[in-house]
Amino acid sequence: MKIAFFDTKPYDKPAFDKYGEKYGVKFKYFETKLTEDTVKLANGYDGVCAFVNDTVNAEVIDKLTEMGIKTVAMRCAGYNNVDVKHAKDRIKVVRVPAYSPYAVAEHTMALLLTSIRRIHKAYIRSRDFNFSLSGLTGFDLHGKTVGIIGTGKIGRVFADICKGFGMKILAYDKYPADGFEDGDRVKYVSLDQLFKQSDVISLHCPLTDETYHVIDETAIEKCKKGVVILNTSRGALVDAEALLNGIKARKIGAACLDVYEEESDLFFEDNSGHILEDDTLARLISMPNVIVTSHQAFLTEEALISIAETTVKNLLDIEKFGKSENEVVYKNSNS
Ligand code: NAI
């Protein structure tokens, strides 16, 4: 089986080559993203493998089906960049629903600790032999309340980590998980209550029509002064303009973003020699209390191996059986 692999980065190849060779799947690596203009590169392949910032819209799907391509294998969990409704009955879409929830949850805590203990500032200072502590005062997480939106695989691991820090957990999920609540320490509440009572808010839900801009101006107004916002899920869960205004108004104490609304043309690439056109991102990055990482929460050795293994299995399942347990099936709510 021959697969056209889009948006390839050097760290993708070792694991995909290993599992590809083992199971007879040959990957052709293209550095370019999958778009309406680059889709023609997939001609002659049996399937395409795409990532979070590739475009799998109706036009791309139509062109893929015209070329006789039967499978789009997403090597990620989220699939908000796929027109799942249009794909129905035209092309199979598979994904990697779980690879390492620990990778993302641990990165979320790494961002939180870096931010509130000012590690990003201290690191730069000490490299310049500046050992002053002025401006580095943080706060204890112990006894604070974290609001977790989305208590799926990642949200639950993050909740466990927060429990270890002695935090109280408030959670909101459209489909609450059985057995997740734990007396006064872990409770499901309404979104409003979560906004009003949390010292830290962490997003772990998918991006859907319902969750788009779940953190917007109205939500920020409801939050405690000094709230820390963590987003390692999908950029458009947060209205970046509203976040920036909340920071300027000193309402938001800190923000840690591994994802950004308009990340697709920027993240994963070295833009250091370019003039950044996105004023909102530039202003956010300039803030002393904002930390931005470039969609790297998933990036651990364990996760890369698991992603490659599951993707190869998904492709083989579709080829052999015409179905996969990891198929993305269109539902009306698309959630
Ligand atoms: P999951 O599917 O296990 O959990 C998602 C949870 O969100 C579920 O409990 C679901 O009921 C809940 N949910 C659905 N609609 C909701 C709504 N309207 N309001 C509140 N909750 C809602 O997914 P998992 O594996 O925990 O991943 C969560 C998100 O993390 C993914 O959707 C993806 O966007 C993001 N992600 C980010 C990565 C990164 O590198 N930064 C890597 C992997 C995932």
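This is a predicted model: local features need pLDDT of at least 70, side-chain atom pairs count only at pLDDT 80 or more; totals for chains, interfaces and linings use all residues.
## Helix H11 and its end

Helix H11 covers residues 301-321, a run of 21 residues. From its first C-alpha to its last, H11 reaches 30 Å, which is close to the 30 Å expected at 1.5 Å a residue. Glycine 322 follows H11 and has a positive phi, near 75°.

## Packing of H1 against H11

Two packed helices are described by the angle between their axes and the distance between the axes. For helix H1 (residues 13-23) and H11, the angle is about 35° and the axes are 8 Å apart. The crossing of this pair is right-handed.

On the H1 side, the contact is made by Ala15, Phe16, Tyr19, Gly20 and Tyr23. H11 contributes Leu304, Ile305, Ile307, Ala308, Glu309, Thr311, Val312 and Leu316. By class, the residues of the contact of H1 with H11 comprise 10 nonpolar, two polar and one charged.

## Threonine 310 within H11

Threonine 310 lies in helix H11. This residue counts as buried because its relative accessibility is 18%, under the 20% limit for that class. Apart from neighbours within four places in sequence, threonine 310 is in contact with Arg95, Val96 and Asn326.

Threonine 310 and alanine 77 are 233 residues apart in sequence, yet their C-alpha atoms are 11 Å apart in space.

## Packing of H4 against H6

The axes of helix H4 (residues 101-116) and helix H6 (residues 153-164) come within 8 Å and cross at roughly 50°. H4 passes H6 in a right-handed crossing.

The H4 residues in this contact are Pro101, Tyr102, Val104, Ala105, Glu106, Thr108 and Met109. Their partners on H6 are Lys153, Ile154, Val157, Phe158, Ile161 and Cys162. The contact of H4 with H6 has 10 nonpolar residues, together with one polar and two charged.

## Aspartate 37 in a loop

Aspartate 37 is placed in the loop between strand S2 (26-29) and strand S3 (47-50). Its relative accessibility is 58%, so aspartate 37 counts as exposed; the limit for that class is over 50%.

The C-alpha atoms of aspartate 37 and methionine 167 are separated by 49 Å, and the two residues are 130 residues apart along the chain.

Note on methods
Residues are numbered from 1 along each chain as its sequence is written. Side-chain values use heavy atoms; hydrogens and water are left out. Helices (H or I, at least four residues) and strands (E, at least two) are DSSP runs, numbered from the N terminus. Buried means under 20% relative accessible area, exposed over 50%, partly exposed in between (1.4 Å probe, protein chains only). Axes are lines fitted to C-alpha atoms, for helices over the stretch in contact, and angles run from 0 to 180 degrees between N-to-C directions. A crossing is left-handed if the near helix is turned anticlockwise from the far one by less than a right angle, and right-handed if clockwise. Contact means heavy atoms within 4.5 Å. Ala, Val, Leu, Ile, Met, Phe, Trp, Tyr, Cys and Pro count as nonpolar, Asp, Glu, Lys and Arg as charged, and the others, Gly among them, as polar. The expected span of a helix is 1.5 Å times one less than its number of residues.
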